[in-house]
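Colleague: I have some questions about the terms used for this model. Can we take them one at a time?

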Amino acid sequence: MAVVYEFVWRMLHALLHLQRTLLSWFRIRIWNWTWRLWRRAVAAVLVPAVFGFQNHPHNNKKLVPTGCKKSCCRVLWKSDGKSLEKLPLHIGLLIAEEEPRYTDIANLVVWCMAVGISYVSVYDNQGIFRRNNSRLMDEILKQQQELLGLDSLKYSVEFLNNSNDKPEQQGLSCQATVKVLSPDDGKSGIVTAAQKFCQLVEQQQKRSTDLDVNMLDSLLRGTKGMPDPDLVMKFGTVDSTLGFLPWHIRLTEIM
């Protein structure tokens, strides 16, 4: 009997190792599949760095006429949207650089509009873009006209005013929504939502037992519901999200 017990025990031990091996293999396969999807998105996001950005020294020498460059940009951007297997509905641009460049950010926003991304969030932990919101908006509209040319009429943009989330629409019809974020929209936003709920309880409009995930989620989103970011692109050497919407990035891919 001792031999039989030992044999059964060894069989169970082998099955356990086999199960662990299979689970590890499936996890690696799923991770690689997800990574391939987003890798194509990242490669396409980097296209404006080559064809659109104008602040770098090596761009001072014009190899081809400006009109040809812009025409190439439009053709490439259209092909980007068609070639991507997975297009994010909402993309976040997390700027962790010491000196953010408005033209570069505007080019990225215009590219997102051109390939069909509906929502774009721009964030920096210093609140520079929030304080200079109008400057960023003007730069986006300027780059939209310069890079898209006559096609710019097809891609209108809606800017959200962060104080009350009322849209400031530019163009014929809204196809892309741009919102400038700051740390006040992160942890401070959660505190503000909690205070608002306490006021509702005090006014007997809500009960304390009504607080759940869905209630807090609705308080945080406000009147203008933007979906959670599918993808966040972080620019800079800091290995941190720097307080970028901690509630909304539970399932967000961050690169």
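Modeller: Start with leucine 93. Leaving out residues up to four places away in sequence, leucine 93 touches Ile105, Leu108, Val109, Val120, Ser121, Val122, Tyr123, Met233 and Phe235. Keep in mind that this is a predicted model.

Colleague: What makes these touches count as contacts?

Modeller: Contact means heavy atoms within 4.5 Å. Each of the residues listed for leucine 93 is in contact with it.

Colleague: Which residues have the most contacts inside the largest nonpolar core?

Modeller: Leu93, Val109 and Val120 do, in a core of 30 residues. Helix 4 (102-115) is among the elements that each supply at least two of its residues, as are strand 1 (90-95) and strand 2 (119-124). The largest share, eleven residues, comes from helix 4. A second, separate core has nine residues, including Tyr123 and Phe244.

Colleague: Why is tryptophan 25 called partly exposed?

Modeller: Its relative accessibility is 46%. Buried means under 20% and exposed means over 50%. The value lies in between, so tryptophan 25 counts as partly exposed.

Colleague: Where is tryptophan 25 placed?

Modeller: Tryptophan 25 is in helix 1 (residues 2-45).

Colleague: How much of the protein chain is buried?

Modeller: Buried residues make up 37% of its 255 residues. The cut-off for buried is under 20% relative accessible area.

Note on methods
Residues numbered from 1 in each chain as written. Predicted model: local features only at pLDDT ≥ 70, side-chain atom pairs only at ≥ 80, totals over all residues. Heavy atoms only, no water. Helix = DSSP H or I, 4+ residues; strand = E, 2+ residues; numbered from the N terminus. Buried < 20%, exposed > 50% of the residue type's maximum accessible area, 1.4 Å probe, protein only. Core = buried A, V, L, I, M, F, W, Y, C linked by side-chain atoms within 4.5 Å.
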